[in-house]
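Please keep the sequence and the structure open while reading.

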Amino acid sequence: MPDAMPAKTAGTRPRILHLITDPRRRGAQNLARDLHRELRRRGQASALRALAPHPDAHPDAPDTRATTVLGPGRLHPATLRALRAAARTADLVVAHGSSTLPACALALAGTRTPFVYVSIGDPRHWTASPLRRLRTGVLLHRAAVVTALADEARGVLRDRFRLPAGRVRTIPNARAADRYPPADGEAGRRAARHALGLPADGLLVAWIGAIAPEKRLDLALDALDRLPDVRLPDVRLPDVRLAVAGDGPQRAALEQHPAAARAHFLGTLADPGPLYRAADALLLTSDSEGVPGVLIEAGLAGLPAVATDVGWVRSVVRDGVTGALVAPGDPLALAEALAKVLAGDRAALGAAARAHTLAQNELGVVTDAWQGLFTEVWRRS
């Protein structure tokens, strides 16, 4: 295997096994891959495994080809046996994503290998029922440490599942800054648009994510439809277009939306970096989120964001400073906020967004925190 670990720990740093649900490019998987690569770059033993395949993971994508899949299903007995065997070569397992929590709790029971669970979403959303809350709480208590992406999320985890204070830590979501450089002036913006087949002129808003119900692309299209009705003093917005990067079950239906004539459906992009450089703003319309990686990527690329104020989004988007926050489910409020950002000083908003994400969410800074936690858990276990 290309990322096989040595049989014994070298020096004073533990061997890390990162576990993801499947090989797709999604939020939890992206964080795991970036952290895995950065640890290996620093000389720390690290491996990456996926529980199961997924039909939406393109077989020719580099991330898919490079990811070893453990079994046929996320909680299949063969998968759990393979995970238990893989954990014998590690000192610590890091579980990224909801399905990895029960997998680790089951497969690692009775072993000496501890696991850290990375909570990326909003538990108030995905444990709404009492039964699910109880079941999730039992599983979380099996983890050596649970990490949250923001301090507010840490408080929710502690209170909702009665976790000891020392067992819940805050480590922000992260991306590598060198993968999301800002556009090199107007020429760089035009080059990025040309590469993506987008119009060279006019204002362009990026929307990136799975085209699924909770991401609310319909709300983005509704807001786009209402933009011409927004009136700002002494401001007349030119035609605004929407670039949609992603795929999912609602795509075909939303391509028939009245505003779709001014939208460009690009499909899933292997690298969203060019779209950030091509756009004038990012739009996030979700009903539920943790700390979305797209907001961090856009911030690193110097792009202001208009986002629904859900989950822990405000830890990245600072209202009036790096972009705008609005209540979820309100297309008129989104249209008004988007108009203000597009008509305002986008360069200043983008510069503030980049400074904020570099200080808080840059991969190198966050990896330092992860390495400290790994060493602490390993020595304690």
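Contact here means heavy atoms within 4.5 Å. The model is predicted: local features need pLDDT of at least 70, side-chain atom pairs count only at pLDDT 80 or more, and totals for chains, interfaces and linings use all residues. Residues are numbered from 1 along each chain as its sequence is written, and side-chain values use heavy atoms, with hydrogens and water left out. Helices (H or I, at least four residues) and strands (E, at least two) are DSSP runs, numbered from the N terminus.

**Helix 15 and its two partners**

- Asp34, Leu35, Glu38 and Leu39 of helix 1 touch Leu363, Thr367, Trp370, Gln371 and Phe374 of helix 15.
- By class, this contact of helix 1 with helix 15 has 5 nonpolar, 2 polar and 2 charged residues (Ala, Val, Leu, Ile, Met, Phe, Trp, Tyr, Cys and Pro count as nonpolar, Asp, Glu, Lys and Arg as charged, and the others, Gly among them, as polar).
- The axes of helix 1 (residues 27-41) and helix 15 come within 10 Å and cross at roughly 80°; axes are lines fitted to C-alpha atoms, for helices over the stretch in contact, and angles run from 0 to 180 degrees between N-to-C directions.
- Helix 1 and helix 15 are therefore roughly perpendicular (65 to 115 degrees; under 35 counts as roughly parallel, over 145 as roughly antiparallel, and the rest as oblique).
- For helix 14 (residues 346-361) and helix 15 (residues 363-380), the axes come within 6 Å and cross at roughly 20°, so the two are roughly parallel.
- Leu358, Ala359, Gln360 and Asn361 of helix 14 make that contact with Leu363, Val365 and Val366 of helix 15.
- The contact of helix 14 with helix 15 comprises 5 nonpolar, 2 polar and no charged residues.

**Helix 7**

- Ala153, Val156, Leu157 and Phe161 of helix 7 (residues 151-161) are buried (under 20% relative accessible area; exposed is over 50%, partly exposed in between; 1.4 Å probe, protein chains only).
- These residues lie on the same side of helix 7 because they cover an arc of only 100° around the axis, taken from the directions from the helix axis to the C-beta atoms.
- Exposed Asp151 and Asp159 sit on the face turned away from the buried side of helix 7.
- The buried residues of helix 7 pack against helix 5 (123-126), helix 6 (130-140), strand 6 (145-148) and strand 7 (168-170).

**Strand 13**

- Strand 13 (residues 323-326) is covered on both faces, with Gly323 and Leu325 buried on one side and Ala324 and Val326 buried on the other.
- Strand 12 (residues 305-308) runs parallel to strand 13 and is joined to it by 4 bridges; two strands pair if DSSP finds at least two bridges between them.
- Ala324 in strand 13 is the bridge partner of Val306.
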